[in-house]
Amino acid sequence: MNAVSLMVVLCMLLVMTATACSSGSPDTASSPKSGSNPPAETSAPENTADPEMEPEQGAKLMVWEAKEQLDYMKEVAADFEKKYGVPVTVEELAGGDQGGRLATDGPSKLAADVLTLPHDQISQAVKAGLLLPNDVFEEETKASMVETAVQASSYDGVLYGYPKSVETYALFYNKDLIPEAPKTWDDIIAFANTYNKPKENKFAVMWEFVGYYTYPFIGSFGGYIFGDGNSNPQDIGLNNEGTIKGFTFLQSLKKILPLNAGDITFDVKTQLFQEGKLAMNIDGPWSTASFKDHVNFGVVPLPKGPGGEEMISFSGVKSYYVNSYTAYPVAARLFAHFASSKENQLKNYKMTGAIPASIEAGESQEIKNDPITLGFFEQFQHSVPMPAISEVNAVWEPLKAAFVSLWNDPGLDVKQTMDQTVKTIRSDLESK
């Protein structure tokens, strides 16, 4: 794009913004209504991610940030003001509260211009017309971020988020008990046959029996919860051939973990791993601090399945989003893009331990020299985002009941059990 074209585009954007602000609605054609799709914006021209893009005159921003990332965000805000001359106020607000506050405070122009949301909250925010698309920096974001993070930050084919950090679970292993990290479930089974001593509470591996941690036995074998990337509740894949195969394999592992599902809790496996009795623990980065002073451990991607399948985990993605009611949509877009840069994701990692969504950040020496974070980052690339649609709430309890039953009774017929599970889920969805 030449300079003249760019100036025309920016002028048009500023005129649209001024018009929207004067009418008391966000920078869209009309005020969004709860439960409806947000009004369409004029689409951004190609290659508008230009370093010369200027914020509005007199722009000032407010950003919401959780307590644990407050110091990091204040540094980012100061750097942004230094670069663009736009003052940024950082207000503390717990991550789980930001979506709700946006819904109540957005229309009254009291909400932050930029906030952070987990990916499973964006569908409701988009339907209520509370978020602006990541249009200006869309192509750059798609090229620079891990694909799963881009997918999780999109809704109905439109990118809204500026990925900030990612999380998933992987395999912790005690190096004093198993010096070489296992690469396959066959490796784990062979180790368990020599290590397990149930009467002494010594076990090779544990994971929690909830849908989040048991998904690898679904997605890795060709099963799924909902079709179309977990967004189509009309297509339930929990009784298809892949899920049946995966849960049949899951049943076979009872011989190396001879406990009922109810006896395998987060607290139990955490304590056993700390005490050096549990050799391997499937868990997430949130547990790293609990083990650092107790265990000589490493973290690697989940072991491959019996047919060489990569084990696909569920993942979560946090991204920056721009409030559709912001009075400064250009400055807010610039800030969200600036905060999600490779450099700032690495700053976030250094200050808080957050795992970057940026491809380049993940390949940086800082991450490569940190084998713990690298293990999670590598597993994230073999993950899918948790379903972000409300219909998934009809899935969790029947699914948990199914795999607990199949685990506690390895003789139970997998196909019949999963057919009944899907029937229960469909009935619940139809009733709503």
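Ser123 counts as buried at 5% relative accessibility, where buried means under 20% relative accessible area, exposed over 50% and partly exposed in between (1.4 Å probe, protein chains only). The residue lies in helix H4 (residues 122-127); helices (H or I, at least four residues) and strands (E, at least two) are DSSP runs, numbered from the N terminus. Leaving aside residues up to four places away in sequence, Ser123 touches Tyr155 and Ala388, a contact being heavy atoms within 4.5 Å.

The model is predicted, so local features need pLDDT of at least 70 and side-chain atom pairs count only at pLDDT 80 or more, while totals for chains, interfaces and linings use all residues. Residues are numbered from 1 along each chain as its sequence is written, and side-chain values use heavy atoms, with hydrogens and water left out.

For the chain as a whole, the secondary structure comes to 20 helices and 14 strands. Buried residues make up 52% of the 432 residues. Of the contacts between residues at least 6 apart in sequence, 76% join residues at least 24 apart. Helix H18 (residues 371-380) is mostly covered, with eight of its ten residues buried; among them are Ile372, Leu374, Phe376, Phe377 and Phe380.

Turning to the strands, an open sheet of four has the order E9-E11-E8-E12 and mixed pairing, where two strands pair if DSSP finds at least two bridges between them. Its edges are strand E9 (203-206) and strand E12 (297-300), each of which pairs on one side only. From one strand to the next, the twist averages 15°. Strand E8 (residues 170-174) and E12 run antiparallel and are joined by four bridges, and Phe172 stands opposite Val299 in E12. Helix H12 (residues 266-274) lies across E8, E9, strand E11 (278-283) and E12, running at about 135° to E11. Axes here are lines fitted to C-alpha atoms, for helices over the stretch in contact, and angles run from 0 to 180 degrees between N-to-C directions.

Rings of Phe, Tyr and Trp (its six-membered ring) pair if their centres lie within 6.5 Å; planes under 30 degrees apart count as stacked, over 60 as edge-to-face and the rest as tilted. By this rule the count comes to 28 aromatic pairs. One of these pairs, Phe247 with Phe403, is edge-to-face, at 6.3 Å centre to centre and 85° between the planes. This pair links distant parts of the chain, with Phe247 in helix H11 (residues 241-252) and Phe403 in helix H19 (residues 396-408), 156 residues apart. Both Phe247 and Phe403 are buried. Phe273 and Phe291 also form an edge-to-face pair, at 4.8 Å between centres and 70° between the planes. Here helix H12 supplies Phe273 and helix H13 (residues 288-292) supplies Phe291, 18 residues apart. Phe273 counts as buried because its relative accessibility is 0%, and Phe291 is likewise buried, with a relative accessible area of 0%.

Phe247 and Phe403 belong to one aromatic cluster together with Trp185, Trp207, Phe209, Phe217, Phe221, Phe249 and Trp407. Thr214 is found in helix H8 (residues 211-214) and is buried, with a relative accessible area of 1%. A polar atom of the Thr214 side chain lies 3.0 Å from the backbone oxygen of Val210. Elsewhere, Lys269 lies over the face of Tyr213, at 5.9 Å from the ring centre; a charge sits over a ring if NZ of Lys or CZ of Arg is within 6 Å of the ring centre and within 35 degrees of the ring normal.

Lys109, a residue other than glycine, has a positive phi near 65°. Lys109 lies in the loop between helix H3 (98-105) and strand E3 (114-118) and is partly exposed, with a relative accessible area of 38%. Asp156, also not a glycine, has a positive phi of about 55°. Asp156 lies in the loop between strand E5 (154-155) and strand E6 (158-159), and counts as exposed at 69% relative accessibility.

Key:
A polar contact is a pair of N or O atoms within 3.5 Å; within protein, one must be able to donate a hydrogen and the other to accept it, and residues adjacent in sequence count only if both atoms are side-chain atoms.
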